[in-house]
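Try each task yourself before you read the solution under it.

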Amino acid sequence: MITNTDQRTTDIHYLNLLSQSFPTIADAATEIINLEAIMNLPKGTEHFLADLHGESDAFIHVLKNASGNIKRKVNELFAGGLRETEKKELCTLIYYPEQKLELVKAAEEDIDDWYHITIHQLVRVARDVSSKYTRSKVRKALPADFSYIIEELLHERTDDSNKAAYVNVIVDTIITTGRADDFICALCNVIQRLAIDQLHILGDIFDRGPGAHIILDTMRQYHSWDIQWGNHDMLWMGAAAGNDACICNVLRLSLRYANLATLEEGYGINLVPLATFAMDVYGADPCTEFMPRLLKGQQMDEKTQLLTAKMHKAVTILQLKQEALIFRRRPEWQMQDRCLLECVDTATGVCTIDGHAYEMKDTNFPTGLSLTTEEEQLMQKLHHSFRVSEKLRKHIKMLLSHGCMYSICNQNLLFHASCPLNADGSLKEVEIYKGRKYSGVELMKQIGMVVRAAYESDTEPELKTYARDYFLYLWCGKDSPLFDKSKMATFERYFLCDKTTYTEEKGYYFQLRNNAEVCDRILDAFGVTGENRHIINGHVPVHAASGENPIKAGGRLMVIDGGFSETYRKETGIAGYTLVYHSRGFQLVQHEPFTSAADAVLRGTDIKSTTQLVEMSAHRMLVADTDKGRELRAQVADLKQLLYAYRHGILKEKR
């Protein structure tokens, strides 16, 4: 079995370590039986979401209803047995148990009878969603207070004459001991948890919507998730790392969409210095181009709108100055042409770019075109506020521990936006640090290392300074995999009249992503194998209302940015996608706008979702067909070697 002496020594050392966990033949054999059995269970359900943009209410509801999967299961389980209104009530209870229970108890005349019926219904749903998992995995998902009781109810049935009385007494006792409410809440949470095995977020938790911090608080408690960083996530990561240009961008976007809740309530960012500065410097300026964009139903009085506009203009000009400092410091990025304040002539009211004179909408620059002492002092205060935010630091740590630039999971290549390409579809080499160039998977890996270097305490100072600056390039650099456009036309949109200057030409990835050969080349470069392999992206909203198909390149590429953010819904015509990958294949769930959790509880409203079959498997996929299956097969092979060692006297059992 083992021929090479060095290899034999290594194998024996490893088997000795393995024997600590499996000290006998019986232990090793039992684990082999367990792993082989697990590989024959159905594949767990994966959910893919992208571009949440702070829409916490809709996101949390999608988690609670498992993108409509729980409603589907309730309809199947109780078809013909419950009326539509009763099924709707049961679904609402599963999504919002605490709130729904209060309404039920206020209206229900025979609450004990309701408890008895409802608990049995919830057990049926829980039994169904737990059926594809081992008892061990289900047990780990159960709350400590009710673990034994729920486990008994999941595996015993009232239609078993020998156990009917046993099961009924358990339910009766839960009710008579006053624990029914707590038990129902626990059971509903178990259903929610088991309905989604793995959650993949393809970037952009932050900006536009008011609840990015709420989303991340939710994810702190979530059982299994990962994130592929988006450009807006990177902006906040840069701000938390102390990149002043990123801080200004974060503030500008928050003010643009009148989204101060995330800054002030979520992270405790002190905006008083910015407000004071804005009123002092721009007090007489109407700041017309900087009025906040209010979303539907959003309320803001005229005085607050005007103050927000003044703060918006103040931080936008500060941003342009801070960006110019970094662009000049990093000539290798070739972004000095974005230092556009230097091209402004306030006397004539024009901005001259590449020899073309453009009329300006706004020529009021009371702080001049270079950084003033007062602006530097303001920047120091804003910098300090971001750096000392404990909650922001914790959330960024979560993004680092759960995230990366890309991921490969079950033959699916996940990244937020793009993989830089040349005009012929070949992978483009991009320079990062000290002239080193990378493409494809190595580019993604190196970017991830640079991002982490900004936060690691032992990073050498030169690299740390570069890493902190590099967040800005990832946000708006031409060859950034998170941007991949000719420019970010922030200055032009705010200050120039000519709308032709607003154009941001997309990189070759976006131009060629509907080409199957190009997608195959990218998948090959990342080492993604198999017949049914895919690239899954977000970042660019799919214009579903105008007929754009999110499935591209003959099914090789799926773009799942469907407009969770209200600001994108005019483009998309919908309110987000969930891509669901279960044991039968892929389904794309298209969501309509969510009203509110309160409306869902009171009226039983749910997100209206329609499902499109994307790709169905000829056979039901098992755990053995997944990445986890490959890991388990490797473990089985190791355990069989351990058995061989025990049975041939190479190792002694530790009885």
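Predicted model: local features only at pLDDT ≥ 70, side-chain atom pairs only at ≥ 80, totals over all residues.

**Exercise 1.** Work out where Tyr95 is placed and how far its C-alpha atom is from that of Ile70.

*Solution.* Begin with helix H5, which covers residues 84–95 and includes Tyr95. Its relative accessibility is 2%, so Tyr95 counts as buried. Then turn to Ile70, which is 25 residues from Tyr95 along the chain, and read off the separation of the two C-alpha atoms, which is 9.1 Å.

**Exercise 2.** Describe the backbone angle phi at Asp204 and at Lys434, and say whether each residue is buried or exposed.

*Solution.* Take Asp204, in the loop between strand S2 (198–201) and helix H12 (212–220); this residue is not a glycine, yet its phi is positive, at about 65°. With a relative accessible area of 2%, Asp204 is buried. Continue with Lys434, in the loop between strand S10 (430–431) and strand S11 (437–438), where phi is also positive, at about 55°, although Lys434 is not a glycine either. Lys434 has a relative accessibility of 53% and therefore counts as exposed.

**Exercise 3.** Find how many salt bridges the whole structure holds, and examine the one between Lys137 and Asp197.

*Solution.* Side chains of opposite charge can pair when their charged atoms come close. A search of the whole structure gives 33 salt bridges. In one of them the side chains of Lys137 and Asp197 meet, at 2.7 Å from N to O. This pair links distant parts of the chain, since Lys137 is in helix H8 (residues 135–141) while Asp197 is in the loop between helix H11 (180–195) and S2, 60 residues apart. Lys137 has a relative accessible area of 39% and is partly exposed.

**Exercise 4.** State what separates Lys628 and Glu631 within their helix, and how their side chains meet.

*Solution.* Both residues belong to helix H27 (residues 627–647), and because they are three residues apart there, about one helical turn separates them. Lys628 is partly exposed at 44% relative accessibility, and Glu631 is partly exposed with a relative accessible area of 43%.

**Exercise 5.** Which residues gather in a patch of negative charge on the surface, and where does Asp110 lie?

*Solution.* The patch is formed by Glu108, Glu109, Asp110, Asp112 and Asp113. To place Asp110, look at the loop between helix H6 (97–107) and helix H7 (111–129). Its relative accessibility of 43% means that Asp110 counts as partly exposed.

Notes
Residues numbered from 1 in each chain as written. Heavy atoms only, no water. Patch = residues over 30% accessible without salt bridge, like charges linked within 9 Å, V, L, I, M, F, W, Y side chains within 5 Å. Areas by Shrake-Rupley, 256 points an atom, 1.4 Å probe, with all protein chains shown as cover. Salt bridge = Lys/Arg side-chain N within 4 Å of Asp/Glu carboxyl O. Lys, Arg positive; Asp, Glu negative; His and termini not counted. Charge placed at Lys NZ, Arg CZ, Asp CG, Glu CD. Helix = DSSP H or I, 4+ residues; strand = E, 2+ residues; numbered from the N terminus. Buried < 20%, exposed > 50% of the residue type's maximum accessible area, 1.4 Å probe, protein only.
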